[in-house]
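Here are some notes to read alongside the structure. Please keep the sequence open while going through the points.

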Amino acid sequence: MPARLFVDLPLTAGAELTLPPEPSRHIQVLRMQPGDALTVFNGSGGEWSAEVTRMGRHDVDLRVLQHQSTARELACPVSLAVGMPANERMDALIEKATELGAVAVQPLQCARSVLKLTGDRADKRRAHWQGVAVAAAEQSGRTVVPPVAAVDNLERWLKGLPAATSEHRRFVLSFAVDAVGAEQLLASGTPVCLLSGPEGGLDEREEAQARSHGFVPLSLGPRVLRADTAPLCALSLLSLAR
(Lines give C-alpha, C1' and ligand atoms only; values in the text may rest on other atoms or scores of the structure.)
Protein backbone atom coordinates (compact mmCIF):
# COMPACT_ATOMS: atom_id res chain seq x y z
CA MET A 1 0.00 0.00 0.00
CA PRO A 2 1.53 3.36 -1.02
CA ALA A 3 2.43 5.85 1.70
CA ARG A 4 -0.21 8.52 2.36
CA LEU A 5 0.69 12.17 2.83
CA PHE A 6 -1.26 15.29 3.75
CA VAL A 7 -0.19 18.18 1.51
CA ASP A 8 -1.54 21.66 2.27
CA LEU A 9 -1.34 22.72 -1.39
CA PRO A 10 -3.75 22.82 -4.37
CA LEU A 11 -3.80 19.45 -6.12
CA THR A 12 -4.59 18.94 -9.81
CA ALA A 13 -3.72 16.19 -12.27
CA GLY A 14 -0.30 16.77 -13.78
CA ALA A 15 0.79 19.35 -11.21
CA GLU A 16 4.49 19.42 -10.30
CA LEU A 17 4.94 20.30 -6.62
CA THR A 18 7.85 21.12 -4.36
CA LEU A 19 6.77 20.00 -0.91
CA PRO A 20 7.11 22.09 2.25
CA PRO A 21 9.70 21.00 4.86
CA GLU A 22 7.48 18.78 7.02
CA PRO A 23 6.08 16.48 4.32
CA SER A 24 9.50 16.48 2.63
CA ARG A 25 11.04 15.13 5.84
CA HIS A 26 8.32 12.50 6.00
CA ILE A 27 9.25 11.19 2.54
CA GLN A 28 12.97 11.30 3.37
CA VAL A 29 12.41 9.30 6.56
CA LEU A 30 10.59 6.68 4.47
CA ARG A 31 13.68 6.52 2.21
CA MET A 32 11.57 6.98 -0.90
CA GLN A 33 13.24 7.49 -4.25
CA PRO A 34 12.28 9.11 -7.59
CA GLY A 35 9.62 7.01 -9.28
CA ASP A 36 8.13 5.74 -6.00
CA ALA A 37 4.35 5.94 -5.73
CA LEU A 38 2.37 7.56 -2.91
CA THR A 39 -1.08 8.95 -2.17
CA VAL A 40 -1.64 12.61 -1.31
CA PHE A 41 -4.66 14.54 -0.04
CA ASN A 42 -5.33 18.13 1.03
CA GLY A 43 -8.71 17.91 2.75
CA SER A 44 -10.73 19.30 -0.16
CA GLY A 45 -12.19 15.93 -1.14
CA GLY A 46 -10.84 12.56 -2.16
CA GLU A 47 -7.18 11.77 -2.68
CA TRP A 48 -4.62 11.71 -5.48
CA SER A 49 -2.09 9.20 -6.71
CA ALA A 50 1.35 10.76 -7.12
CA GLU A 51 4.98 9.90 -7.63
CA VAL A 52 8.27 11.26 -6.35
CA THR A 53 10.23 13.05 -9.08
CA ARG A 54 13.18 14.48 -7.13
CA MET A 55 14.78 13.94 -3.74
CA GLY A 56 16.68 17.02 -2.56
CA ARG A 57 18.62 17.54 0.65
CA HIS A 58 15.90 19.71 2.17
CA ASP A 59 12.88 19.32 -0.12
CA VAL A 60 11.12 16.83 -2.35
CA ASP A 61 9.32 17.19 -5.68
CA LEU A 62 6.15 15.29 -6.63
CA ARG A 63 4.07 14.83 -9.74
CA VAL A 64 0.31 14.59 -9.06
CA LEU A 65 -1.38 11.95 -11.21
CA GLN A 66 -5.01 10.84 -10.86
CA HIS A 67 -7.84 11.83 -8.52
CA GLN A 68 -9.66 9.10 -6.62
CA SER A 69 -13.01 9.64 -4.91
CA THR A 70 -13.34 8.11 -1.45
CA ALA A 71 -16.08 7.79 1.21
CA ARG A 72 -14.42 7.18 4.58
CA GLU A 73 -16.07 9.82 6.78
CA LEU A 74 -18.73 9.19 9.42
CA ALA A 75 -22.33 9.40 8.26
CA CYS A 76 -22.95 11.60 11.31
CA PRO A 77 -20.37 14.45 11.60
CA VAL A 78 -19.02 14.68 15.15
CA SER A 79 -17.13 17.59 16.68
CA LEU A 80 -15.43 16.92 20.00
CA ALA A 81 -15.02 19.48 22.79
CA VAL A 82 -12.88 18.06 25.56
CA GLY A 83 -11.60 19.21 28.92
CA MET A 84 -7.89 18.59 28.41
CA PRO A 85 -6.46 15.57 30.22
CA ALA A 86 -2.71 15.40 30.96
CA ASN A 87 -0.36 15.92 28.00
CA GLU A 88 0.31 12.37 26.86
CA ARG A 89 -3.35 11.44 27.26
CA MET A 90 -4.41 14.44 25.17
CA ASP A 91 -2.02 13.37 22.42
CA ALA A 92 -3.54 9.88 22.37
CA LEU A 93 -7.08 11.26 22.52
CA ILE A 94 -6.55 13.46 19.45
CA GLU A 95 -4.85 10.63 17.58
CA LYS A 96 -7.66 8.16 18.24
CA ALA A 97 -10.44 10.72 17.77
CA THR A 98 -9.02 11.45 14.32
CA GLU A 99 -8.86 7.76 13.48
CA LEU A 100 -12.48 7.35 14.62
CA GLY A 101 -13.74 10.20 12.44
CA ALA A 102 -14.05 13.39 14.53
CA VAL A 103 -14.38 16.41 12.23
CA ALA A 104 -13.03 18.96 14.74
CA VAL A 105 -11.47 19.04 18.22
CA GLN A 106 -11.85 21.87 20.72
CA PRO A 107 -9.47 21.68 23.72
CA LEU A 108 -11.01 23.25 26.83
CA GLN A 109 -9.73 24.51 30.15
CA CYS A 110 -12.14 23.40 32.89
CA ALA A 111 -12.34 23.77 36.66
CA ARG A 112 -10.84 20.31 37.24
CA SER A 113 -8.31 20.40 34.40
CA VAL A 114 -4.89 19.13 35.42
CA LEU A 115 -3.26 20.53 32.29
CA LYS A 116 -3.08 24.34 32.39
CA LEU A 117 -2.11 26.09 29.15
CA THR A 118 -1.92 29.78 28.27
CA GLY A 119 -0.05 32.06 25.87
CA ASP A 120 2.84 30.69 23.81
CA ARG A 121 2.70 27.34 25.57
CA ALA A 122 -0.92 26.88 24.52
CA ASP A 123 -0.07 27.86 20.93
CA LYS A 124 2.81 25.36 20.80
CA ARG A 125 0.66 22.54 22.15
CA ARG A 126 -2.08 23.32 19.66
CA ALA A 127 0.43 23.16 16.78
CA HIS A 128 1.74 19.86 18.17
CA TRP A 129 -1.78 18.43 18.45
CA GLN A 130 -2.56 19.51 14.89
CA GLY A 131 0.48 17.53 13.77
CA VAL A 132 -0.83 14.52 15.69
CA ALA A 133 -4.14 14.85 13.82
CA VAL A 134 -2.35 15.07 10.45
CA ALA A 135 -0.34 11.92 11.15
CA ALA A 136 -3.46 10.05 12.32
CA ALA A 137 -5.40 11.06 9.19
CA GLU A 138 -2.52 9.89 7.00
CA GLN A 139 -2.33 6.55 8.79
CA SER A 140 -6.06 5.85 8.99
CA GLY A 141 -6.97 6.56 5.37
CA ARG A 142 -9.01 9.68 6.05
CA THR A 143 -9.00 12.46 3.48
CA VAL A 144 -10.00 15.09 6.05
CA VAL A 145 -7.78 16.38 8.85
CA PRO A 146 -9.85 17.64 11.80
CA PRO A 147 -8.79 21.14 12.84
CA VAL A 148 -7.64 21.45 16.44
CA ALA A 149 -8.93 24.78 17.75
CA ALA A 150 -7.10 27.14 20.08
CA VAL A 151 -7.37 26.25 23.77
CA ASP A 152 -10.36 28.02 25.29
CA ASN A 153 -12.08 28.41 28.63
CA LEU A 154 -15.22 26.28 28.89
CA GLU A 155 -17.50 29.12 30.00
CA ARG A 156 -16.26 31.48 27.27
CA TRP A 157 -16.56 28.75 24.64
CA LEU A 158 -20.14 27.96 25.65
CA LYS A 159 -21.12 31.63 25.46
CA GLY A 160 -19.71 31.84 21.94
CA LEU A 161 -21.83 28.99 20.58
CA PRO A 162 -24.81 29.75 18.33
CA ALA A 163 -28.28 28.97 19.62
CA ALA A 164 -28.98 25.24 19.83
CA THR A 165 -31.20 23.73 17.10
CA SER A 166 -32.61 20.29 16.39
CA GLU A 167 -30.38 20.12 13.30
CA HIS A 168 -27.19 20.17 15.40
CA ARG A 169 -27.44 17.92 18.43
CA ARG A 170 -25.39 18.58 21.57
CA PHE A 171 -24.50 16.06 24.28
CA VAL A 172 -22.45 16.34 27.46
CA LEU A 173 -21.12 13.14 29.01
CA SER A 174 -22.65 12.85 32.45
CA PHE A 175 -23.52 10.59 35.40
CA ALA A 176 -26.67 12.59 36.18
CA VAL A 177 -29.75 10.52 37.00
CA ASP A 178 -31.65 12.13 34.12
CA ALA A 179 -28.93 11.40 31.52
CA VAL A 180 -30.22 9.79 28.34
CA GLY A 181 -28.85 6.46 27.14
CA ALA A 182 -26.12 6.13 24.52
CA GLU A 183 -28.69 4.88 21.99
CA GLN A 184 -29.71 8.54 21.59
CA LEU A 185 -26.45 9.11 19.74
CA LEU A 186 -27.73 6.86 16.97
CA ALA A 187 -31.24 8.30 16.83
CA SER A 188 -30.53 10.67 13.95
CA GLY A 189 -27.90 11.36 11.33
CA THR A 190 -27.69 15.05 12.18
CA PRO A 191 -24.33 16.54 13.27
CA VAL A 192 -23.29 16.06 16.89
CA CYS A 193 -21.22 18.19 19.24
CA LEU A 194 -19.92 16.03 22.07
CA LEU A 195 -18.66 17.69 25.27
CA SER A 196 -16.51 15.68 27.67
CA GLY A 197 -14.81 16.75 30.89
CA PRO A 198 -11.21 16.39 32.11
CA GLU A 199 -10.02 14.10 34.90
CA GLY A 200 -12.81 14.19 37.48
CA GLY A 201 -15.34 15.37 34.89
CA LEU A 202 -17.13 18.69 34.70
CA ASP A 203 -18.19 20.12 38.03
CA GLU A 204 -21.89 20.74 38.80
CA ARG A 205 -21.74 24.39 37.78
CA GLU A 206 -20.08 23.61 34.45
CA GLU A 207 -22.59 20.88 33.62
CA ALA A 208 -25.43 23.27 34.44
CA GLN A 209 -23.89 25.83 32.09
CA ALA A 210 -23.62 23.23 29.34
CA ARG A 211 -27.28 22.28 29.80
CA SER A 212 -28.31 25.92 29.57
CA HIS A 213 -26.64 26.03 26.14
CA GLY A 214 -28.58 23.06 24.78
CA PHE A 215 -26.34 20.15 25.82
CA VAL A 216 -28.29 17.02 26.76
CA PRO A 217 -26.67 14.87 29.50
CA LEU A 218 -25.59 11.53 28.06
CA SER A 219 -24.63 8.35 29.93
CA LEU A 220 -22.23 5.75 28.54
CA GLY A 221 -23.17 3.21 31.21
CA PRO A 222 -22.41 2.53 34.88
CA ARG A 223 -18.61 2.30 34.62
CA VAL A 224 -16.37 5.31 35.22
CA LEU A 225 -14.29 5.84 32.08
CA ARG A 226 -11.11 7.90 31.98
CA ALA A 227 -11.20 11.38 30.48
CA ASP A 228 -9.41 10.14 27.37
CA THR A 229 -11.55 6.97 27.07
CA ALA A 230 -15.10 8.31 27.38
CA PRO A 231 -15.22 10.49 24.23
CA LEU A 232 -13.58 7.71 22.21
CA CYS A 233 -16.27 5.31 23.39
CA ALA A 234 -18.95 7.71 22.13
CA LEU A 235 -17.14 8.17 18.81
CA SER A 236 -16.98 4.40 18.40
CA LEU A 237 -20.73 4.18 18.84
CA LEU A 238 -21.26 6.88 16.26
CA SER A 239 -19.18 4.90 13.81
CA LEU A 240 -22.17 2.53 13.67
CA ALA A 241 -24.57 5.26 12.49
CA ARG A 242 -25.81 4.95 8.93
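**Notes on the sheet and the cysteines**

1. This is a predicted model. Strand 6 covers residues 78–83 and strand 7 covers residues 104–109; the two pair in the parallel sense, over five bridges. As one example from this pairing, Ala81 has Gln106 in strand 7 as its bridge partner.

2. That pair belongs to an open sheet of six strands, with parallel pairing and the order 8-7-6-10-9-11. At the edges stand strand 8 (152–153) and strand 11 (216–218); each has a single partner strand, so one side of each is left without a neighbour in the sheet.

3. Which strands does helix 6 lie across? Helix 6, residues 230–238, lies across strand 6, strand 9 (169–173) and strand 10 (192–196). The helix runs at about 160 degrees to strand 10.

4. How many disulfides does the structure hold? The number is zero. A disulfide needs two cysteine sulfur atoms within 2.5 Å. For Cys193, the closest cysteine sulfur is that of Cys76, and at 11 Å it is too far for a bond. Cys233 is in no disulfide either: the nearest cysteine sulfur, again in Cys76, is 15 Å away.

5. Are Cys193 and Cys233 buried or partly exposed? Cys193 has 14% relative accessibility and counts as buried, because buried means under 20% relative accessible area. Cys233 has a relative accessible area of 27% and is partly exposed.

Key:
Residues numbered from 1 in each chain as written. Predicted model: local features only at pLDDT ≥ 70, side-chain atom pairs only at ≥ 80, totals over all residues. Heavy atoms only, no water. Pairing = 2+ DSSP bridges. Helix = DSSP H or I, 4+ residues; strand = E, 2+ residues; numbered from the N terminus. Contact = heavy atoms within 4.5 Å. Axes fitted to C-alpha atoms, helices over the stretch in contact; angles between N-to-C directions. Buried < 20%, exposed > 50% of the residue type's maximum accessible area, 1.4 Å probe, protein only.
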